[in-house]
Amino acid sequence: MFNALVVEKDDAGKTSAGVQQIGLDQLPEGDVTVAVEYSTVNYKDGLCIGPGGGLVRNYPHVPGVDLAGTVEASDDARYKPGDKVVLTGWRVGEAHWGGYAQKARVKADWLVPLPDGLDTRQAMAVGTAGFTAMLAVMALEDHGIKDGPVLVTGAAGGVGSVATAILAKLGHEVAAVTGRPETADYLKDLGATQIVAREELNETTKRPLEGETWGGCVDAVGGAMLARLLGQIKYGGSVAAVGLAGGAALPATVIPFLLRGVNLLGIDSVMQPYDNRVRAWGRIARDLPMDKLEAMMQPATLADLPGLGRDILQGQVKGRVVVDVNA
Ligand code: NDP
């Protein structure tokens, strides 16, 4: 038997989450059994742990959209016991039991070998949010980052913190947008050269185009903020749209696309093909400074998760929460 955070739903449809002992025979089908070492807290996890269950497809459920650990048993030739592996995406933690347990059974196709230069704790300090930040930076690079500061919204959150550190390491000026002025020193330590108050970009304007200010953008917020910043991107620049922490509606006009050739690049980390995942993890090991990763990391245990799930939905989590499932 081993520990897991299990979310249950009662007959009235009310969900509750708590640490339970479960057995290997309860795990879903899969080719590879992983002794999980670390998982993390992402925005989606907040939805899955919280009331109503958010994205959960089956109950009882073990959430946790990512995990890193050691292969314990494998029916797939690509993995053998003792291999270190990392997993993000593929609806793990939503449709298939995820990383909030000491063991997970998953499809071999969903795994990636841990890249050289990262241990399992560091890989999960990156986790889904950081992996997505890297995908966003790669998409901006593919379309060309223009001169001038690159804007990162939701900067003190998980995606934003990692995007800030990577872009700064790559030599870009980073303008970090935050609604928490108290995180300014933290963001500057990660490499931000400019702090922009959330209110400045949340105000709506009737002008579809403003001054050409930003060389590109990683946007974790969406909504009115995304609509506004589209009109501030330099000619031919790109916005990598990652999330919707500020809302799903996009009250924008087509003018920035027509008159400034702005590209809006959608980033999806869930269904990334294997080669892209390996490439992104390799870039993370190379381009994310490990001292910055330590600075953005806070530890947690399985028992902490119900509270942390609430915190992340309220935009209260700073950086990345790493869950030591064996603590
Ligand atoms: P976090 O909660 O860690 O960060 C989100 C940040 O957004 C907050 O820290 C806060 O930053 C800011 N924010 C929160 N609420 C608002 C608001 N109402 N208005 C403006 N800003 C707000 O979440 P993650 O970084 O893990 O995820 C960010 C988004 O990206 C989520 O929507 C998530 O679902 C999505 N995502 C998408 C993925 C994909 O594959 N496309 C993968 C991973 C995440 P601050 O305090 O600095 O203002």
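Predicted model: local features only at pLDDT ≥ 70, side-chain atom pairs only at ≥ 80, totals over all residues.
Close-up 1. At Thr-178 the side chain takes part: one of its N or O atoms is 2.7 Å from an oxygen atom of the ligand. In total, 25 residues surround the ligand. Thr-178 is among the closest, together with Gly-179, Arg-180, Ile-267 and Ser-269.

**Close-up 2. Packing of helix α2 against helix α8.** Helix α2 spans residues 120-143 and helix α8 spans residues 274-287. Their axes are 9 Å apart and meet at an angle of about 100°. Angles of 65 to 115 degrees count as roughly perpendicular, so α2 and α8 are roughly perpendicular to each other. On the α2 side, the contact is made by Ala-123, Val-126, Gly-127, Gly-130, Phe-131, Met-134, Leu-135, Met-138, Glu-141 and Asp-142. These meet Arg-277, Arg-279, Ala-280, Trp-281, Arg-283, Ile-284 and Asp-287 of α8. Sorted by class, the contact of α2 with α8 comprises nine nonpolar, two polar and six charged residues.

Close-up 3. Glu-94 sits in the loop that runs between β5 (84-88) and β6 (103-106). The relative accessible area of Glu-94 is 3%; the limit for a buried residue is under 20%, so Glu-94 is buried. Leaving aside residues up to four places away in sequence, Glu-94 touches Lys-44, Cys-48, Leu-55, Val-56, Arg-57, Asn-58, His-61 and Val-65.

Definitions and conventions. Residues numbered from 1 in each chain as written. Heavy atoms only, no water. Helix = DSSP H or I, 4+ residues; strand = E, 2+ residues; numbered from the N terminus. Buried < 20%, exposed > 50% of the residue type's maximum accessible area, 1.4 Å probe, protein only. Contact = heavy atoms within 4.5 Å. Axes fitted to C-alpha atoms, helices over the stretch in contact; angles between N-to-C directions. Parallel < 35°, antiparallel > 145°, perpendicular 65-115°, else oblique. Nonpolar A, V, L, I, M, F, W, Y, C, P; charged D, E, K, R; others polar. Near = heavy atom within 4 Å. Polar contact = N/O pair within 3.5 Å; in protein donor to acceptor, adjacent residues only side chain to side chain.
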